[in-house]
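Let's take a quick tour of how parts of a protein pack against each other. Have a look at the sequence and the 3D view, then read on.

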Amino acid sequence: MNRKTPSARRGGRIAIVLFVIFAAGAAFFGFRAVMFAIHWSIPANIERPLEPWMTIRYVARSHDVDSLALAASLGVEAAPGRRRTLEDLAAERGESYADFAAQVDAELARMRADD
Amino acid sequence: MTDAALALLPEYGIPILALIVGLGCLGVPLPSSLFLLAAGAFVGAGELPLVATAVASLAAAVAGDNLGYALGRVAAAPLAQRQPELTGRARALLARRGRLAVYFSRWLVSPLGPPVNLVAGAGGMAWRRYIAAEMSGEATWVALCMALGFSFGGMVTQLADFLGSLGLFLAFAIGAGLTGRYLWRHRRGGSGVRA
């Protein structure tokens, strides 16, 4: 026997819809978080790509190389206090970001090989 | 889009970080955790000062939260007169669980941060209890994000993806838990009154 009032029945239906939405969201983001965690627990998957907003000192620190040496070998300044990004530096040299980033990548590879 | 947004951080430094963190705490959908992670990495690279960056981020977060709390308080005044029973239940719940809800919604379940501010203000949670939990929660968030960015500077966007998914998972799981409990209590011909 159903003794529920119409408003209580409507409340129940809303609660069921909300529950389904919340459960689906939890499943989706839980799965996503677990996949991220698994992906980055494999050392071969850890990459630290260069981004246009990074500075030379940022790149040097995240790749564990000396920032002054990296700057010198690229022929750029890495003075503290002036946060020029890779994009800024490429523009100053009249190069495209992609070309300059390729040079930085090559230099990082060379410096790591020297270690 | 992420790249364009993050380019603002080296260009404008602490002021843009504080703006994004403050607005984020107010509920504007901005990548505040990503900016804090990146700020930690810039500190590690020697491009931003540690103390000023941390203090400004914390101050901005506290300001954003308190604005949300104040908005909730102002908006709720007419509601409290019309719905005294609902308001009374909210007050009782906030008295029991308010501090934990405020603390964990600052950093672990950060998608719930802005709505919890509004509810804490609207439900009449005492400001002294609110501010203690709020500041310790935000201090945890700022310190955690900056420390992660400091340690894993080359992976801040990936870290932000992971932390974002984790926070949304927890927020949705809490929603599912609460609605699930409601449905369980009202199964089979319940009267709609809370058990």
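When we say two residues are in contact, we mean that they have heavy atoms within 4.5 Å. Keep in mind that this is a predicted model.

**B:Arg129**
- You'll find B:Arg129 in helix 8 of chain B.
- Leaving aside its neighbours within four places in sequence, B:Arg129 is in contact with B:Leu94, B:Ala95 and B:Arg99.
- B:Arg129 is partly exposed, as its relative accessible area is 24%.
- The C-alpha atoms of B:Arg129 and B:Ala7 are 38 Å apart, and these residues are separated by 122 residues along the chain.

**Two packed helices**
- Helix 6 (residues 84-107) of chain B packs against helix 8 (residues 127-151) of chain B at an angle of about 20 degrees, and their axes are 6 Å apart.
- That angle is why helix 6 of chain B counts as roughly parallel to helix 8 of chain B.
- The crossing of helix 6 of chain B and helix 8 of chain B is right-handed.
- Residues making this contact include B:Val102 and B:Tyr103 from helix 6 of chain B, plus B:Ala133 and B:Trp141 from helix 8 of chain B.
- Sorted by type, the residues of the contact between helix 6 of chain B and helix 8 of chain B are nine nonpolar, three polar and five charged.

**Nonpolar cores**
- The largest nonpolar core has 48 residues, and A:Tyr58 and B:Trp141 are among those that touch the most other members.
- Helix 4 (residues 32-44) of chain B gives this core its largest share, nine residues.
- Apart from this core lies another one of eight residues, including B:Tyr69 and B:Leu94.

Notes
Residues are numbered from 1 along each chain as its sequence is written. Chains are lettered from A and ligands numbered from 1 in the order in which they are written. This is a predicted model: local features need pLDDT of at least 70, side-chain atom pairs count only at pLDDT 80 or more; totals for chains, interfaces and linings use all residues. Side-chain values use heavy atoms; hydrogens and water are left out. Axes are lines fitted to C-alpha atoms, for helices over the stretch in contact, and angles run from 0 to 180 degrees between N-to-C directions. Helices (H or I, at least four residues) and strands (E, at least two) are DSSP runs, numbered from the N terminus. Angles under 35 degrees count as roughly parallel, over 145 as roughly antiparallel, 65 to 115 as roughly perpendicular and the rest as oblique. A crossing is left-handed if the near helix is turned anticlockwise from the far one by less than a right angle, and right-handed if clockwise. Ala, Val, Leu, Ile, Met, Phe, Trp, Tyr, Cys and Pro count as nonpolar, Asp, Glu, Lys and Arg as charged, and the others, Gly among them, as polar. A nonpolar core is a set of buried Ala, Val, Leu, Ile, Met, Phe, Trp, Tyr and Cys residues joined through side-chain atoms within 4.5 Å. Buried means under 20% relative accessible area, exposed over 50%, partly exposed in between (1.4 Å probe, protein chains only).
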